[in-house]
Amino acid sequence: MNKPLNIAPANADGKTLESTMSEVAAAIADPSRVSMLCALMDGRAWTATELSAVADISPSTGSAHLAKLVQGQLISCLSQGRHRYYRLAGNEVATLLEMLMGVSMRAQPTRPITTPVHLRKARTCYDHLAGDVAVRLYTFMQEKGWFTEEGTELSAVGLAGFRQIGATLNAQTRRKTVCACLDWSERRPHLGGNAGAALLAAFEHHGWIERIAGYREVRFTDAGRRALAKNFAITLS
């Protein structure tokens, strides 16, 4: 009996796509490493000590886990003076993690949502906003025709809306302009992609939000609350 042919392309190391995917999956498949990756979803760089504390493990064990994540190309290590910092390897990794969160929530549809209230309200998802407010922003834009019919670009109305709030798209990126990210706590989409990153940058630039040190949580300032009401018809209690 003939054996089936393996037609998966090989990379420079001679590994097939299947074996590479398995290695990436193995790098994620540990609760401590998942905790570290989730912490890095705030888009900032963390030290090994901070990440070990987040995962509630010893620094030596944490170092081993971080090495596994670096080897899997899920995170990168930056050296600055005597310190070493770790961050996600890119927005593709952040997108993968957000999708995994959504799949995990759908796998248990009867499980009650236990996300802390402050994180459900507003948080960062790597380089864009997530949570209840982000979902409401996406819904507003969708209803007001800010997206093209395909839902992957900003319409003329959307571009005008972005100009009005001073949100500038990155012209150098190859990312989709508009990406509907499934919000794992709200189970509805929020805005990702180039437009999502531009929106978060604008909110920070105007002082409409403030980050909570060491966490993904963000808080809307008084100016931010006024801006939400004026530009997006969103009222925060």
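Tutor: The protein chain has ten helices and nine strands. The model is a predicted one. Of the 237 residues in the protein chain, 41% are buried. Among contacts in the protein chain with a separation of 6 or more, 56% are between residues 24 or more positions apart.

The open sheet is formed by three strands, in the order β1-β3-β2, and the pairing is antiparallel. The edges are taken by β1 (46-47) and β2 (75-80). Each of these two has a single partner strand, so one side of each is left without a neighbour in the sheet. In general, the strands of a sheet pair through backbone hydrogen bonds, either parallel or antiparallel.

The pairing of β2 with β3 (residues 83-88) is antiparallel and runs over six bridges. Two residue pairs can be located in the structure: I75 stands opposite L88 in β3, and Q80 has H83 of β3 as its bridge partner. β2 and β3 form a hairpin with two residues between the strands, and G81 in this hairpin takes a positive phi near 65 degrees. On the β1 side, two bridges join β1 to β3, again in the antiparallel sense. Here W46 stands opposite Y86 in β3.

Between α3 (48-55) and α4 there is a loop that contains D56. D56 is not a glycine, yet its phi is positive, at about 60 degrees. With a relative accessible area of 71%, D56 is exposed. A233 also has a positive phi without being a glycine, in this case about 55 degrees. A233 belongs to the segment after α10, and is exposed at a relative accessible area of 61%.

Turning to the helices, α2 (residues 31-39) packs against α4 (residues 59-71) with the axes 10 Å apart and at an angle of about 70 degrees. At that angle α2 is roughly perpendicular to α4. On the α2 side the contact is made by S32, R33, M36 and L37, and on the α4 side by G62, H65, L66, K68 and L69. Sorted by class, the residues in the contact of α2 with α4 are four nonpolar, three polar and two charged.

The largest nonpolar core has 31 residues, and the members that touch the most others are F162, F203 and F232. At least two residues of this core come from each of α7 (132-143), α9 (193-205), β9 (218-220) and α10 (222-232). Another core, of 24 residues, lies apart from it and includes A27, M36, L51 and L66. Two of the residues named there, M36 and L66, also take part in the contact of α2 with α4.

F232 deserves a separate entry. Leaving aside neighbours within four places in sequence, F232 is in contact with L137, F140, M141, W146, I165, L199, F203 and A227. F203, one of these partners, is also listed with F162 and F232 among the residues that touch the most other members of the largest nonpolar core.

To return to the sheet, β3 is paired with β2 over six bridges and with β1 through two, while β1 and β2 stand at the edges.

Terms used:
Residues numbered from 1 in each chain as written. Predicted model: local features only at pLDDT ≥ 70, side-chain atom pairs only at ≥ 80, totals over all residues. Heavy atoms only, no water. Core = buried A, V, L, I, M, F, W, Y, C linked by side-chain atoms within 4.5 Å. Buried < 20%, exposed > 50% of the residue type's maximum accessible area, 1.4 Å probe, protein only. Helix = DSSP H or I, 4+ residues; strand = E, 2+ residues; numbered from the N terminus. Contact = heavy atoms within 4.5 Å. Pairing = 2+ DSSP bridges. Axes fitted to C-alpha atoms, helices over the stretch in contact; angles between N-to-C directions. Parallel < 35°, antiparallel > 145°, perpendicular 65-115°, else oblique. Nonpolar A, V, L, I, M, F, W, Y, C, P; charged D, E, K, R; others polar.
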